[in-house]
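Here is a short tour of a model, from chain layout to helix packing and ring contacts. Have the sequence and the 3D view open as you read.

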Amino acid sequence: MKNYKVLFIDDREMDNLLNRLMVREEQLPFDATYINSGEEALEFLNDQTEEDFPQIIFIDINMPVMNGFDFVDEYNAQLANQPKAINTVLCFLTSSSSDSEKERALGMQNISAFYNKPITMAIFVDLQSRLNNK
Amino acid sequence: MKTVKSNYSNFFQEHFSAILDQTDEFVWTLDVNLNIIDYNCAFYDSFSKLVGLEDIQYTSIVNPVLGNSVTDAWKRYIAETITAGAPQIFKIVNDNPQKGMSEYSETQISPIYNERGELCRFFVRSRDLSASFNIQRDLQRANEELLRSMDLYRTLATQIPNFGVVIFDKDYRYLLCEGTALATVGLSKEHYEGRTMLEAMSEEGIKALRPQYDAALNGEYLSFEYQALNRQYHAQIVPIKDSNGQVFRGMILVNDVTDVKRAEQVLANTNRVLEEEVLARTAELKSTNQELREINQYLDDFVHAAAHDLRSPIVNLKTILHLLETIGDNQEREGLIAVLPSLVQDIGNTLDGMIRMVEFQKKDQLLVSLLSFNDVFSNALKVFEYSNEIQLAEIDFDFSKADSIWYIAPKLQSLFYNLLSNALKYASPERNLKLRVTSHREGELVRLDFLDNGIGIDLDQHRNNLFKPFRRFASEGITGAGLGLSLVKSMVEKNGGSIEVESVIDEYTLFKIRLVPYPQ
């Protein structure tokens, strides 16, 4: 079975390191890319062909300059309507536990889910059903 | 004379009937038994109505219909006339004018004797004098009233301190001049009472006062205030009218209103002071309320931010502990273990900050007090006592140009805390932090400058977002939720202060914060 193409957007080195280790240790079927900011992520996504475009994007909320919400707004404006993005699932992966943030996050267009760190097999299982529905 | 129903004896008919019917007077004759014999039209009109008879000849003048008082009076008039043996005049006042009798009349009764010298008739003429009587009576009453009121005025004038009353007539004659306040208008009882203005006053006085007296005599009311001998007086010149509404006198009233004015002034002042106090108190309450709300909001924001700051390292800690259970590679395990102290340090710092914040909030919070910048800044530094960054930082401060300010303690503490925290967060990884904090006077305001050599801010890109909550402006190695600057901005702007920023990327950032002192 082919691995999923996955993008993690998180500003902190440590969080990216831990995401990487968790993906490996939980044996998640991901070909993952780790990017440090929303701006870079947008640039990266704009550069991707339909072939390479990630199927899953995990977004941290609390990031400097362009936070997770800003990123999703930009993504919706620039990318969501392109054919290459049609099968992509967006979700937040954050350490935030605030109800108001969760509510705001889930209210956004094209957001499928809101998960708390760290990334686990349980999260992937939950995501799979959403992927199949796409 | 409408109904002519007169009847005269031959004597009268022959001699006088034509004349007698032309007069308004009542003319009639009585026989010795007091029966009416002759009468003219005027008498008939009045009397026949009075007794209710068409034919009044031989009707007794002493008629029970007229009532006892009238018949008794007539018996007396007749007796007096007989005794006198000559015409008598009686002034008759009727207490019962409703019955149709004149209120006041003058009646002449003349005895008439025959050739033998015997009394045979009474010749009677009556004139109705009611109209003129009423006028006279009113005049008399008005005079009495006036005398009474003049007495009253006199009493008032002498009893009330600094009061005066003057009454003058149409000839400007002073009928009454009483009271100690008169001196203030140049009048005295001795000099003026009984004399006219024209006799008693100088030409100048006459010139000044005559128009005012005339105005009163024309029915006008004058009222004015003036000052004399350091006191305040109120004068009125008013017309006095008789019962017909005709002005026939004028009156001057002079009243010392100094004390009333003073009392009014005091009352007005007291009222104003009270009003001011109420306003001030209301404003104070409002601002206290506002402060409370702000501090609550601040605490809310802070708790939210702190919770987030705590949660992030704790989540990482848990993840690492989980990974340590599964990862076998020793090098990786050591790498993970090496990260643990910094996570614990993060948690510790955040908790310290929280504790310090709570302490800030505990003390006499909302009161404005004179705060020394040295004290407050040293206090804020203590929050970072245990952080690694501050050990390496070179922080110097000089508050000599403005050493203190009337401000709200937790606000100033929070300001220093947040700017310190900001400088530490955005220190350049390539060099130790240098932070210089100075104070400057700008008129009423105090400007605080925070100059650091940190990573700087790309103002072209971030100027608009700089002071919004939950913004961070660098991506590497910065913790915290980015609340600080937005809080500082909202705090200083609350009472008219401002915050501005200059920066060059990777060189320096300078915050200029202008504080407006709170009223003491």
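## Layout of chain A

From the N terminus on, chain A runs β-α-β-α-β-α-β-α-β-α, which comprises five helices and five strands. Helices (H or I, at least four residues) and strands (E, at least two) are DSSP runs, numbered from the N terminus. Of the 134 residues in chain A, 56% are buried, where buried means under 20% relative accessible area, with a 1.4 Å probe and protein chains only. Among contacts in chain A between residues at least 6 apart in sequence, 70% join residues at least 24 apart; contact means heavy atoms within 4.5 Å.

## How to read the model

This is a predicted model, in which local features need pLDDT of at least 70 and side-chain atom pairs count only at pLDDT 80 or more, while totals for chains, interfaces and linings use all residues. Residues are numbered from 1 along each chain as its sequence is written, chains are lettered from A and ligands numbered from 1 in the order in which they are written, and side-chain values use heavy atoms, leaving out hydrogens and water.

Two packed helices are described by the angle between their axes and the distance between the axes. Axes here are lines fitted to C-alpha atoms, for helices over the stretch in contact, with angles from 0 to 180 degrees between N-to-C directions.

In chain A, the axes of helix H2 (residues 38–47) and helix H3 (residues 68–78) come within 10 Å and cross at roughly 20 degrees. H2(A) is therefore roughly parallel to H3(A), the label for angles under 35 degrees. Residues making this contact include A:Leu42 and A:Leu45 of H2(A) and A:Phe71 and A:Tyr75 of H3(A).

In chain B, the axes of H11(B) and H13(B) come within 9 Å and cross at roughly 50 degrees, so H11(B) is oblique to H13(B). Among the residues in contact are B:Phe373 and B:Phe377 of H11(B) and B:Phe416 and B:Tyr417 of H13(B).

## Aromatic rings

Rings of Phe, Tyr and Trp (its six-membered ring) pair if their centres lie within 6.5 Å; planes under 30 degrees apart count as stacked, over 60 as edge-to-face and the rest as tilted. By this rule there are 27 aromatic pairs over all chains. One of them, B:Phe373 with B:Phe416, is edge-to-face, at 6.3 Å centre to centre and 75 degrees between the planes. This pair links H11 (residues 373–383) and H13 (residues 409–425) of chain B, its residues lying 43 apart. Both B:Phe373 and B:Phe416 are buried.

In chain A, one aromatic cluster is formed by A:Tyr4, A:Phe8, A:Phe30, A:Tyr34, A:Phe58 and A:Phe124.

Note on methods. Buried < 20%, exposed > 50% of the residue type's maximum accessible area, 1.4 Å probe, protein only. Parallel < 35°, antiparallel > 145°, perpendicular 65-115°, else oblique.
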